[in-house]
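Hi,

Here is the structure I promised to pass on.

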Amino acid sequence: MTKVEFHFDFGSPNAYLSHLVLPEIEKRTGVDFEYVPILLAGIFKFTNNRSPAESMAGIKNKPEYERLEMERFIRRHGITRFSDVAA
């Protein structure tokens, strides 16, 4: 069985949503995901990088488009147990 590392940040809504669809991917492909917790903010700091929220701040319609993409993902995968309290 092929193993794939799934690096996730506990505070990331996208990581959570991805986690919800991983069982179906495992079932369909036979891949086994190994969960590896990370602190994304620490990685950005260590690599002298900035988060997308910071680097793309002020880009017109960016937050709205990200929201739309999240809604599409949720709808496509039939996710019902998610609430974005930050929205």
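This is a predicted model: local features need pLDDT of at least 70, side-chain atom pairs count only at pLDDT 80 or more; totals for chains, interfaces and linings use all residues.

**The largest pocket**

The largest pocket holds about 880 Å³ of space. Its lining is made up of 30 residues, and those nearest the centre are Pro13, Asn14, Ala53, Glu66 and Met70.

Which elements contribute? At least two lining residues come from each of β1 (3–8), α1 (13–29), α2 (40–46), α3 (52–55) and α4 (62–76). The top contributor is α4, which gives 6 residues to the lining.

**Helix α1**

This helix has a bend of about 35° at Val21, with a proline, Pro23, following within four residues. I wondered what its end-to-end distance would look like.

The buried residues of α1 are Ala15, Leu17, Leu20, Val21 and Leu22. What do they pack against? Their partners are β1, β2 (32–37) and α4. As you know, an α-helix has 3.6 residues a turn, so residues three or four places apart point the same way. Just past the end of α1, Gly30 adopts a positive phi of about 80°.

**Helix α4**

The same check works for α4: its 15 residues should span 21 Å at 1.5 Å a residue, and its end C-alpha atoms lie 21 Å apart, in agreement. After this helix comes Gly78, again with a positive phi, near 65°.

**Two asparagines in loops**

Asn48 has a positive phi of about 55°, and you will find Asn48 in the loop between α2 and α3. Is Asn48 buried or exposed? Its relative accessibility is 75%, so Asn48 counts as exposed, the cut-off being over 50%.

Asn61 is the other one, with a positive phi of about 70°. This residue sits in the loop between α3 and α4. Asn61 has a relative accessible area of 47%, so it is partly exposed.

Best wishes

How values were computed: Residues are numbered from 1 along each chain as its sequence is written. Side-chain values use heavy atoms; hydrogens and water are left out. On a 1 Å grid over the protein atoms alone, a cavity is a set of points where a 1.4 Å probe fits but cannot get out, and a pocket is an open set with protein on both sides within 12 Å along at least five of seven lines; lining residues have an atom within 4 Å of a point. Grid points are joined across faces, edges and corners, and a volume is the space filled by probe spheres set on the points. The bend at a residue is the angle between axes fitted to the seven residues ending there and the seven starting there. Buried means under 20% relative accessible area, exposed over 50%, partly exposed in between (1.4 Å probe, protein chains only). Contact means heavy atoms within 4.5 Å. The expected span of a helix is 1.5 Å times one less than its number of residues.
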